[in-house]
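Dear colleague,

Please find below the structure that I would like to hand over to you. My notes on it follow directly after.

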Amino acid sequence: MFMLGTKVSGRKWRTLAMMVAGVTIISLESSPDSKHAHADIISAHEHGDVHVSIWSELADLDYLLGVACAATQTLLSGFAAIYFEKVLKAKGSDLNVWDRNIQLAIFSIAIYLPSSFIETEGNPFAGFTGMVWFVVFLHAAGGILVALSVLYSNSITKTVAVCGSLVLTTVLGKVLFDAPLNGVILIGCVIVILSIFSYRGDSEVEEKLAKLSSGPAPHET
């Protein structure tokens, strides 16, 4: 809002808050079961298995660290998306979306290519299979689609699409990998889906209100 000079209506704030609530429910319910973790720790202490107890406690610490890293990554990703939108839509710039993507690619190569050579001892493509190349292609195509969505829409719409993909990932995770999918997670998925449709409806309402407030176009004489 501050960087782009745009306004977000109360309708959209309500919808986005619902979406955050739905995503939070899905994330929390998919986390390690704290009751089971504490039961394992108590059982380990009773049987004198110190190693199991330590590993259980470390698992909780790893999860908290993961949540903190994810929150930090979310803030940085949000700032990057907004700044990227500001750069793409800047007036007077001769660079288009493809030029900006090439710029980002050059910086990525300069940062990650040396580290990949160091970690793989000079063979950065070691272990690359057809499936790995397919995943690389999906990531590259996803980056282009994100840039186009930000250019022709905005970063909020892109975020709404990401929340929709979370629901799809949750369902596919259950089908393909038997990931957790209980009633609470389903409620979170429903909240996210309803929020997406609500956001679309709010956008259409605001467009109609904007047209009405601008009044009819003047007739040429």
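Predicted model: local features only at pLDDT ≥ 70, side-chain atom pairs only at ≥ 80, totals over all residues.

Residues are numbered from 1 along each chain as its sequence is written, and side-chain values use heavy atoms, with hydrogens and water left out.

**Overall content**

The protein has seven helices and zero strands, where helices (H or I, at least four residues) and strands (E, at least two) are DSSP runs numbered from the N terminus. Read from the N terminus, the order of elements is α-α-α-α-α-α-α. Of the 221 residues in the protein, 19% are buried; buried means under 20% relative accessible area, exposed over 50%, and partly exposed in between, with a 1.4 Å probe and protein chains only.

Helix α4 covers residues 97–119, which is 23 residues. From its first C-alpha to its last, α4 reaches 32 Å, close to the 33 Å expected at 1.5 Å a residue (the expected span is 1.5 Å times one less than the number of residues). Where does α4 kink? A kink of about 30 degrees lies at Tyr112, shortly before the proline Pro114; the bend at a residue is the angle between axes fitted to the seven residues ending there and the seven starting there.

At the N-terminal end, α4 is capped by Asn96, with a side-chain oxygen 3.1 Å from the backbone nitrogen of Trp98. Val97, Arg100 and Ser116 are buried residues in α4.

Glu121 follows α4 and sits in the loop between α4 and α5. Its phi is near 60 degrees, a positive value in a residue other than glycine. Most residues other than glycine have a negative phi. Glu121 is exposed, with a relative accessible area of 76%.

Asp178 lies in the loop between α6 (155–177) and α7, and counts as exposed at 57% relative accessibility.

**How the helices pack**

Axes here are lines fitted to C-alpha atoms, for helices over the stretch in contact, and angles run from 0 to 180 degrees between N-to-C directions. Angles under 35 degrees count as roughly parallel, over 145 as roughly antiparallel, 65 to 115 as roughly perpendicular and the rest as oblique. A crossing is left-handed if the near helix is turned anticlockwise from the far one by less than a right angle, and right-handed if clockwise.

- α1 (residues 10–29) and α7 (residues 183–214): the axes come within 8 Å and cross at roughly 165 degrees. The two helices are therefore roughly antiparallel, and α1 passes α7 in a left-handed crossing.
- α1 and α6: the axes come within 11 Å and cross at roughly 30 degrees. This pair is therefore roughly parallel, and the crossing of α1 past α6 is left-handed.
- α4 and α5 (residues 130–152): the axes are 11 Å apart and the angle is about 135 degrees. These helices are therefore oblique to each other, and α4 passes α5 in a right-handed crossing.

**A contact across the sequence**

Tyr83 is found in helix α3 (residues 50–88). Tyr83 and Met3 are 80 residues apart in sequence, whereas their C-alpha atoms are 7.5 Å apart in space. Is Tyr83 buried, partly exposed or exposed? Tyr83 is partly exposed, with a relative accessible area of 45%.

With kind regards

Conventions: Polar contact = N/O pair within 3.5 Å; in protein donor to acceptor, adjacent residues only side chain to side chain.
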